[in-house]
Amino acid sequence: MGEEYKAKVFKSGNSLALRLPRTLGLSDGEEVMLVPHDDGSFSFWKQDRSRDILMGLYGSMSAGFMADGRGDINQDERDWRGNGGATQAA
């Protein structure tokens, strides 16, 4: 397990806030996912932006993208004997 840190909970307006040590590597305004567990503990991690990036790419594709499907892919026969494709001498 990694190093442990203490954090302080305080009131901010009508909400509670959690002050985290700078040494955790978070930036001001950065979003994190916070998951409560049944035993009263919490997990948190930096929010993954890969889904947003993927959806952005999807929206940038033209309307006719892959309208004709993927097409056929020609592949050579494979040698599944497990000897690296080496042939045995006769």
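**Note on the strands, the patch and the charges**

1. Start at a turn. Glycine 40 has a positive phi near 90°. Glycine 40 belongs to the hairpin of strand 3 and strand 4, where five residues lie between the strands. Keep in mind that this is a predicted model.

2. Now look at the two strands on either side of that turn. Strand 3 and strand 4 are antiparallel partners, and five bridges pair them. Take valine 32 as an example. Its bridge partner is lysine 46, in strand 4.

3. There is another hairpin, made by strand 1 and strand 2. Here two residues lie between the strands. Glycine 13 is in the turn and has a positive phi of about 65°. Strand 1 and strand 2 run antiparallel and are joined by five bridges. Across this pair, lysine 11 stands opposite leucine 16 of strand 2.

4. Next, the surface. Which residues form the nonpolar patch? They are Val9, Leu16, Leu18, Leu20, Val32, Leu34, Phe42 and Phe44. Together they have about 760 Å² of accessible area. Strand 2 (15-19), strand 3 (32-36) and strand 4 (42-46) each give two or more residues to the patch.

5. Is valine 9 buried or exposed? Valine 9 counts as exposed because its relative accessible area is 52%, and the cut-off for exposed is over 50%.

6. Turn to the rings. How many aromatic pairs does a search of the whole structure find? The search finds zero. Phenylalanine 10 does have a charge over its ring, though. The charged end of arginine 19 sits there, 4.6 Å from the ring centre.

7. Last, the salt bridges. Opposite charges on side chains can pair when the charged atoms come close. A search of the whole structure finds one salt bridge. Arginine 81 forms a salt bridge with aspartate 79. Their closest N and O atoms are 2.7 Å apart. How accessible are the two partners? Arginine 81 is exposed, at 56% relative accessibility. Aspartate 79 is partly exposed, at 33%.

Note on methods
Residues numbered from 1 in each chain as written. Predicted model: local features only at pLDDT ≥ 70, side-chain atom pairs only at ≥ 80, totals over all residues. Heavy atoms only, no water. Patch = residues over 30% accessible without salt bridge, like charges linked within 9 Å, V, L, I, M, F, W, Y side chains within 5 Å. Areas by Shrake-Rupley, 256 points an atom, 1.4 Å probe, with all protein chains shown as cover. Salt bridge = Lys/Arg side-chain N within 4 Å of Asp/Glu carboxyl O. Helix = DSSP H or I, 4+ residues; strand = E, 2+ residues; numbered from the N terminus. Buried < 20%, exposed > 50% of the residue type's maximum accessible area, 1.4 Å probe, protein only. Pairing = 2+ DSSP bridges. Phe/Tyr/Trp six-rings, centres within 6.5 Å; stacked < 30°, edge-to-face > 60°. Lys NZ or Arg CZ within 6 Å of the ring centre and 35° of its normal.
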